[in-house]
Amino acid sequence: VQLVESGGGLVQAGGSLRLSCAASGRTFGSYDMGWFRQAPGKGREFVAAIKASGSTSYEDSVKDRFTISRDNAKNMVYLQMNSLKPEDTAVYYCNLVHYGDYTRPLFDSWGQGTQVTVSS
């Protein structure tokens, strides 16, 4: 499975961005997918996940601000980010997630990610 992220950019605090993740694979609809981020000097952390069933989960700091969604017909996963804060600044990545633990990425390899920078 190949994953390509896009949609990042520079935005002021309180603004919005929509990230996209294009995935290859004939059985995309069966994948549980997630978004992760890595801020400068920090480890990669879980942000949000969407299961094949459509159920979603979020890291506490982004609940009520971020929305993850998917379009199985297009093999796409999205992350709508509203009310952005400077602490959301990071490189954002998508990956498949473990069925039993959606906060864990399935693959050890990562795409190039997409940079999100939120200015105060």
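I note that the model I am reading is predicted.

**Entry: β3 and β8**
I looked up the strands around that pair. Strand β3 covers residues 17–23, and strand β8 covers residues 76–81. They pair in the antiparallel sense, over 6 bridges. I then checked another pair and found alanine 22 opposite methionine 76 in β8.

**Entry: β7 and β8**
Next I turned to β7. β7 and β8 also run antiparallel, with 6 bridges between them. Here isoleucine 68 has leucine 79 of β8 as its bridge partner. I followed the chain through the hairpin of β7 and β8 and counted 4 residues between the strands. Asparagine 75 in this hairpin takes a positive phi near 55°.

In what order do the strands of the open sheet stand? I read it as β1-β3-β8-β7, 4 strands with antiparallel pairing. The edge strands are β1 (3–6) and β7 (66–71), and each of them pairs on one side only. From one strand to the next, the twist averages 15°.

**Entry: burial of β8**
Why is β8 largely enclosed by the rest of the structure? I checked its residues against the cut-off for buried, under 20% relative accessible area. Of the 6 residues of β8, 5 are buried, so the strand is largely enclosed. In the strand order, β8 stands between β3 and β7.

Technical notes: Residues are numbered from 1 along each chain as its sequence is written. This is a predicted model: local features need pLDDT of at least 70, side-chain atom pairs count only at pLDDT 80 or more; totals for chains, interfaces and linings use all residues. Side-chain values use heavy atoms; hydrogens and water are left out. Two strands pair if DSSP finds at least two bridges between them. Helices (H or I, at least four residues) and strands (E, at least two) are DSSP runs, numbered from the N terminus. Axes are lines fitted to C-alpha atoms, for helices over the stretch in contact, and angles run from 0 to 180 degrees between N-to-C directions. Buried means under 20% relative accessible area, exposed over 50%, partly exposed in between (1.4 Å probe, protein chains only).
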